Amino acid sequence: MITRQRPAAWAMALLAALTAGLVTAGPAAADDDDEPAQPAPKVELVLDVSGSMRARDIDGKSRMAAAKQAFNEVLDATPDEVALGIRTLGANYRGDDRRTGCKDTELLYPVEQLDKAGRTDAKTAVATLAPTGWTPIGPTLLKAADDLTKDDAERSRRIVLISDGEDTCRPLDPCVVAREISAKGIHLTIDTLGLVPDAKTRDQLSCIAEATGGTYTSIRHTDELSGRVKQLVDRAADPVVTPAAVKGAARCTEAPELKSGLYTDREKFGEHRWYRVEVPAGKELRASVSVAADRAVNKDYGVLLRAETPRGREIVRGQESGDGRTDVISTGLRHPTPEADDDEEEATSETVCLRVSNSFSAPASAKTAPGLPVELAVDLVDSPDEASDVASFGLGHGWWLLGVLVLVGFLAGLVWGWLSRWRFAVWRTN
């Protein structure tokens with residue numbers, strides 16, 4: 001009798017457990033269903049199709065051809081959660097009437113989330129474009145803002161303007177238009193990309209971007225264009241991160257302590273600034289810095305990011321140089337710390353001083369104040385179990401590398417000496 005009752009008891013217990021699980025899971029599932037979905041971020045690509053886009057100065061092909069290639073790559077890579085549209089300026093009117101030419105803007109593809117058919121339709125629409133008319137940037141920005149704000153939902157909105165020349169439809173100044181858009185408080189950012197820009201184009205596009213908290217990038221190659229547009233479209237899908245303002249110090253002992261996050265500062269031409277990070281045992285410090293040339297600067301410049309001990313000994317560095325072909329220059333570094341010993345009661349941390357230096361210089365006509373914009377990213381992650389880069393082995397210090405080179409040279413000398421003696425002995429024998 002007892003052996004017959006046990007299976008029955010187990011079955012009843014299992015049934016009760018399943019029932020309880022269903023009861024408790026029911027409200028949770030309902031809560032998940034009731035949770036409202038976040039509105040899709042919106043991005044509108046605004047492309048200049050004016051007559052100047054016929055110029056053949058981007059990798060041996062026309063600016064229009066480079067833009068079409070970049071758009072095809074961007075449309076393939078656009079995240080599913082992003083609603084993307086395309087608007088043109090100067091694509092239809094070929095005449096000389098300024099009033100008509102300044103109204104020449106068209107929504108080429110509506111702002112919507114892209115499926116496979118949508119990506120194909122958008123590519124087909126872009127393929128039909130031919131450089132034609134005027135450059136009505138101001139009126140086009142107003143229309144693009146309307147495209148992105150047809151609903152009142154709180155969402156990320158971004159305009160990516162690609163142009164190769166100044167607006168030809170003043171007095172509707174596009175910089176003033178951008179300020180008006182920003183003043184509406186609709187959370188709309190305008191990023192601008194200048195194709196082989198001259199000084200006037202650069203100034204105008206920079207002003208448009210700065211008015212809305214966007215970025216300006218100078219473009220001279222097709223891969224630069226496609227890469228930057230992809231980056232901006234992807235950024236629209238990411239959660240908005242506002243950099244925290246921080247002020248670097250003249251020495252490490254006075255430097256502000258940074259946690260994992262994104263920080264912004266301004267640095268004078270040729271200045272050094274220090275920041276401090278406490279890196280726990282078993283963690284790896286990953287830091288990167290970007291310095292933007294938001295005004296005219298001399299060619300040939302660089303940025304240096306050094307990780308140092310509080311006593312000034314260099315741990316590892318990252319550096320990059322430029323020659324005036326880009327407006328933002330970036331570099332980064334990694335520094336892993338070893339795990340704490342098992343017999344230690346508390347895990348220790350290492351103080352790392354980050355020194356940011358730049359070698360920018362400016363012509364006499366440029367203002368040197370305020371300093372150049374600096375964006376510093378700091379992240380602390382688990383150290384890898386095995387070293388995967390030269391910094392992990394201490395090669396970043398220079399001594400290990402010197403020792404390895406000396407050892408290799410010594411062994412090579414022994415082998416060469418032995419071969420020389422053997423060849424001499426063979427020659428004497430013969």
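These legends go with a set of close-up views of one predicted chain.

The model is predicted, so local features need pLDDT of at least 70 and side-chain atom pairs count only at pLDDT 80 or more, while totals for chains, interfaces and linings use all residues. Residues are numbered from 1 along each chain as its sequence is written, and side-chain values use heavy atoms, with hydrogens and water left out.

**View 1. The whole chain, before zooming in.** There are nine helices and 15 strands here; helices (H or I, at least four residues) and strands (E, at least two) are DSSP runs, numbered from the N terminus. Of the 430 residues, 40% count as buried, where buried means under 20% relative accessible area, exposed over 50% and partly exposed in between, with a 1.4 Å probe and protein chains only. Take the contacts between residues at least 6 apart in sequence: 75% of them join residues at least 24 apart. Contact means heavy atoms within 4.5 Å.

View 2. Eight of the eight residues of β5 (residues 188-195) are buried, so the strand is largely enclosed by the rest of the structure. In a regular strand the side chains alternate between the two faces of the sheet. Here Leu188, Ile190, Thr192 and Gly194 point one way, Thr189, Asp191, Leu193 and Leu195 point the other way, and all are buried.

**View 3. The neighbours of β5, and how the chain gets to them.** Strand β4 (residues 157-163) runs parallel to β5 and is joined to it by seven bridges; two strands pair if DSSP finds at least two bridges between them. Look for Val160, whose bridge partner in β5 is Asp191. From β4 the chain crosses through helix α6 (residues 174-183) to β5, in a right-handed β-α-β crossover. Right-handed means that, with the strands pointing away from the viewer, the path from the first strand over the helix to the second runs clockwise. β5 also pairs in the parallel sense with strand β6 (residues 216-219), over four bridges, and Gly194 has Ser218 of β6 as its bridge partner. With helix α7 (residues 199-211), β5 and β6 make a right-handed β-α-β unit.

**View 4. Helices α2 and α8, side by side.** Helix α2 (residues 63-77) packs on helix α8 (residues 222-237) at an angle of about 35°, with the axes 9 Å apart. Axes are lines fitted to C-alpha atoms, for helices over the stretch in contact, and angles run from 0 to 180 degrees between N-to-C directions. The contact uses residues of α2 including Ala66, Ala70, Val74 and Ala77, and residues of α8 including Leu225, Val229 and Val233.

**View 5. The four-stranded antiparallel sheet.** The strand order in this open sheet is β9-β14-β11-β12, and the pairing is antiparallel. β9 (272-280) and β12 (314-322) stand at the edges with a single partner strand each, so one side of each is left without a neighbour in the sheet. The twist averages 15° from one strand to the next. Nine bridges join β9 to β14 (residues 349-358), and His272 stands opposite Ser357.

**View 6. Strand β11, covered on both faces.** Tyr301, Val303, Leu305 and Ala307 on one side of β11 and Gly302, Leu304, Arg306 and Glu308 on the other are all buried. Eight bridges join β11 to β12 and six join β11 to β14. Leu305 has Val356 of β14 as its bridge partner. β11 and β12 form a hairpin with five residues between them, and Gly312 in the turn has a positive phi of about 100°.

**View 7. Arg355, a buried arginine.** Arg355 sits in strand β14 and counts as buried at 15% relative accessibility. Beyond its neighbours within four places in sequence, Arg355 is in contact with His272, Arg273, Trp274, Leu304, Leu305, Arg306 and Glu308.

**View 8. The five-stranded mixed sheet.** The order in this open sheet is β7-β8-β15-β10-β13, and the pairing is mixed. β10 (residues 283-292) and β15 (residues 372-382) run antiparallel with nine bridges between them; Ser290 and Glu375 are bridge partners there.
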